[in-house]
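Student: Could we go through this structure together? I would like to begin with its pocket and then turn to its core.

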Amino acid sequence: MSRGFRLKSRGNGDLRLRYRPQRLDEIVPTFAVKSAKKILEDPNSPSVFMFEGPSGTGKTTLSRVISRALVCKADNDRPCLECDNCREMERCGDFFEINAADARGIDEMRKLIEGMHYSPWMLPKKIYVL
């Protein structure tokens with residue numbers, strides 16, 4: 001009998017966001033997930049991650065999970081989802097998720113680069129998901 005993966009509902013709202021994984025153990029183990037766990041266990045984790053692949057393969061979801069693990073106050077690769085950083089990550093001004101296919105004009109990129117020069121407000125790091 002194979003081990004099944006079940007996602008918990010995260011309240012009401014948009015269906016695709018309600019069931020989006022929040023931790024690495026909620027994602028079906030692949031090479032990318034195993035590599036991400038190794039990277040997060042390293043105290044000198046890199047400052048840039050690059051994922052590539054066809055649409056719908058989980059690049060954005062994995063980047064959001066890694067982002068949450070990097071800013072969580074817990075000392076492991078599993079975000080607690082309860083500390084201030086975990087709860088406020090997407091609401092504070094330090095996490096940016098930008099669809100690069102839509103925002104590819106010169107003015108958008110200048111604005112993005114200009115914002116990178118400022119220190120984070122609430123989180124220990126500024127995070128950009130493009």
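Predicted model: local features only at pLDDT ≥ 70, side-chain atom pairs only at ≥ 80, totals over all residues.

Student: How much space lies in the largest pocket?

Tutor: About 800 Å³. A pocket is an open set of points on a 1 Å grid over the protein atoms alone, where a 1.4 Å probe fits, with protein on both sides within 12 Å along at least five of seven lines; lining residues have an atom within 4 Å of a point. The volume is the space filled by probe spheres set on the points, which are joined across faces, edges and corners.

Student: Which residues lie nearest its centre?

Tutor: F49, S63, Y128, V129 and L130, out of 23 lining residues. The largest share, six residues, comes from α3; helices are DSSP runs of H or I, at least four residues, and strands are runs of E, at least two, numbered from the N terminus.

Student: And which residues make up the largest nonpolar core?

Tutor: L24, I27, V33, A36, L40, L62, V65, I66 and A69. Such a core joins buried (under 20% relative accessible area, 1.4 Å probe, protein chains only) Ala, Val, Leu, Ile, Met, Phe, Trp, Tyr and Cys residues through side-chain atoms within 4.5 Å. α3 supplies its largest share, four residues.

Student: What is phi of L81 near?

Tutor: It is near 65°, a positive value in a residue other than glycine.

Methods: Residues numbered from 1 in each chain as written. Heavy atoms only, no water. Buried < 20%, exposed > 50% of the residue type's maximum accessible area, 1.4 Å probe, protein only.
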